[in-house]
Amino acid sequence: MQRRSFLKGVGAGAIVAGTSPSLFGMEQYQVDFNPKSYKNETGVEYHYLTCPRNCRDACSMIAEVKDGKMVSIKGDPKHPLTQGTVCVKGHTYAMHLYNADRIMYPMKRVGKKTEGKWERISWDQALKEIAAKLTEIKEKFGGEALTEFVYSGNEGHISKTIAPGNFFEKYGATRLVRNPCDWPRYAGTPSVIGTDFSKDALEVDESDMYISWGSNESYTAVHWVRFAHRVKKRGGKIVVINSVRVPLANQADMFIQLRPSSDPAFCLAVCKVLIEEDLYDHEFVEKYTMGFEDLVHECSLYTYGELSAMCGASVDQIKVFARLYANAKAPAIMHGDGGQRHFNGARLVRAVTFLPVLTGCLTKLGGGLFWAYVHVKGCFNFENCMPDLSPKDANGNKIERQVISYIEFGKGIQKEGATYLDKPVPVPIKACINYNSNLMVTAPNTNLIKKRVMDDDFFLVVIDPYDIDTCDYADYVLPGVTFMESEDIQNDQISGYVCYNAQSVKPLGEAKTNLEFFNALAKAMGYTEECFDWDSETVCRKFLDTEFAKKQNITYEKLKSVGWIKPFRTPETMKDQFPYYPYAPKDKLVFGTESGKAELYSKTFKDAGYHPVIDLKDDWDYYKEHKDFGESYLKKYPLYFMTPGTQLQDNSNWGNMPYIVKRVIVKGNAELFMTKEDMQARGIEDGDTVEATNEKGTAIFTAVETSQMKPGICYAWNNIWLKVTKSRTGANFLCSDGVSDLGNGSTYTASFVEVRKAAKQEM
């Protein structure tokens, strides 16, 4: 390990330019992959941590700290999900904590935006000046002139929701809809089974068929691969359904490569086999579904050949899969986010949900649907931590405030013509606080956002541990902490553990936690509410103060001592929380739908203008029919452009780690993966510098030849930091900022581009 020391001689008031090391306080920490153990030595402490990234697993980890410095971090061997292993990214957390570009002090911009000229200031000065500016903005334009930009840099409930939420409610800011992930599922899955809560992923150890659908577990949920391997070890099958040949497909018994967004056509074809070959569960369908006859009719309207042409799977594949699925005792569909980020996202998810309904495997141990978000609401008391601070009218009623969204952030902040869901945003956004995210890298349609944040009248504050891309556009940059320096509580997304995260080391430099920052800013604004005096322990205790948690013996003291606790979710314990599937007793099965049954016919979808059973339109249909695009658009931009996540990052997290940057940047730029056929048609060779273009702009990539997809499809990793590339461009310059059919979710995967060889070739 190299010596870690704060740089000398950079006091408050010093002006520094560019990304000079003087902004920061570290020498780069070198990861030792065979670290020495300090067990039994003096000055050694062990702390439970929970990885706070937007990954389903939320790995439980143990930090080894000697004399106040973290010396190692490893997976908790006792945790049933983590089982002692973390992902390739998690092994770099010591590097992450002591990275060379940690922001150590508050900084104020003294040059033009993106010029990189900063003055180091004190926290007192920073808070005073930010509070004064926010007060001025509120007096001139109203509280809704301020908004936040946040998502999943830290999934801890204090960091992400409670601490900032209290401040923004008191200020009366514009609400941000945080909708990059899962929102189509919130509409699609409940339309069939009445809930978006998943079954417990640990049930998969009882499955005899593992179906990876629209997911890349090897990169984004590594412990799920272990579930798959155990299924196969027991003699079961692995099936992968994806538009890209992901790593797990190479280990699968069957790989079905669908045309992107065509899953509903594939599902209807499978339903057709199940019905025509009498492979469905008659008793379950008769007792617990409504609309079956409508589905039978819909299946009769199409031949297998027609549905095969729509989805890209052969008729033989469709029939073989349907029979395998019907004959499995407990087939598990592990459905990922990739299947949702389309213009037909809710309709797609709805169609997938039909299969476990028809086979009756929803209620079988190890069978059914598995995705993110097991029910944990009863464990947490947000109201106890977030008092009603919203502005009120003369009668004491809450004033309805305007809304913008994460996925349409660029549209929502424009100086003129700002919109949310195609409706005007009445109060122009004049200020934004960016935390737990990296606006200029993670939001879609980067150029539209840049157009507004470059304006002198757009006031931007960034609090982050690192010199992220968004710092280049900020008026004030404030040193935030990593999760390793902040106490919090969270939960995993797949099994529903309540998880503790200790403050394993003290904040480095002058860094503050989000709780400390927002409480301090509130006081600088003159707010006197009690909640702005709470420390993390107080919030944790209040957060766990629920009757459900008490009955489950989930206390702050116990959680802190063991690191994680799993609530017992049975029909008896959940009857007051959610008495419907998946927690209803099998002999009294009831779904949370209007009819109480699984609804194969949806009035909600019909009323929204979609087919009430299974709607077969896909992304190509959306572009052809939309007034802003049409057939001519698809001729101009013929390549379907996808933006999946690399195994080396989680969204933009780790995007500045030297050991990871070396693997995601090739010849100075991010990679664009293309088929041999598409490259040859454009005179492009492997390793060429290329320009990918659509109506949103142009991004520069290094072309990489692959056979993972069918011709006509290309992809680039999402959320690669711009400042680690020569071109300062990336995938989000091009990806769609449109909105899904129902649920108002993202359409990141549903973009089109054209690619050509660049005039300037990087070496």
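The report below takes up the sheet, an annotated span, and then the helix pair.

The model discussed here is predicted. In it, 3 strands make up an open sheet whose order is β2-β3-β4, with antiparallel pairing. Because β2 (44-50) and β4 (69-75) stand at the edges and each has a single partner strand, one side of each is left without a neighbour in the sheet. From one strand to the next, the twist averages 25°. The antiparallel pairing of β2 with β3 (residues 60-66) runs over 7 bridges, and Val44 is found opposite Lys66 in β3.

The UniProt record, an unreviewed entry, lists residues 44-101 as "domain: 4Fe-4S Mo/W bis-MGD-type". In the model, this span of residues 44-101 is 9% helix and 36% strand, and its end C-alpha atoms lie 27 Å apart.

Turning to the helices, α3 (residues 157-171) and α18 (residues 514-524) have axes that come within 9 Å and cross at roughly 5°. Angles under 35 degrees count as roughly parallel, and α3 and α18 are therefore roughly parallel to each other. By class, the contact of α3 with α18 has 9 nonpolar, 2 polar and no charged residues, and the table sets out the residues that meet.

| Helix | Residues in the contact |
|---|---|
| α3 | Ile158, Ser159, Ala163, Pro164, Phe167 and Phe168 |
| α18 | Asn514, Leu515, Phe518, Leu521 and Ala522 |

Key:
Residues are numbered from 1 along each chain as its sequence is written. This is a predicted model: local features need pLDDT of at least 70, side-chain atom pairs count only at pLDDT 80 or more; totals for chains, interfaces and linings use all residues. Side-chain values use heavy atoms; hydrogens and water are left out. Two strands pair if DSSP finds at least two bridges between them. Helices (H or I, at least four residues) and strands (E, at least two) are DSSP runs, numbered from the N terminus. Axes are lines fitted to C-alpha atoms, for helices over the stretch in contact, and angles run from 0 to 180 degrees between N-to-C directions. Angles under 35 degrees count as roughly parallel, over 145 as roughly antiparallel, 65 to 115 as roughly perpendicular and the rest as oblique. Contact means heavy atoms within 4.5 Å. Ala, Val, Leu, Ile, Met, Phe, Trp, Tyr, Cys and Pro count as nonpolar, Asp, Glu, Lys and Arg as charged, and the others, Gly among them, as polar. UniProt positions are given in the numbering used here, feature names are shortened, and annotations may be inferred rather than shown by experiment.
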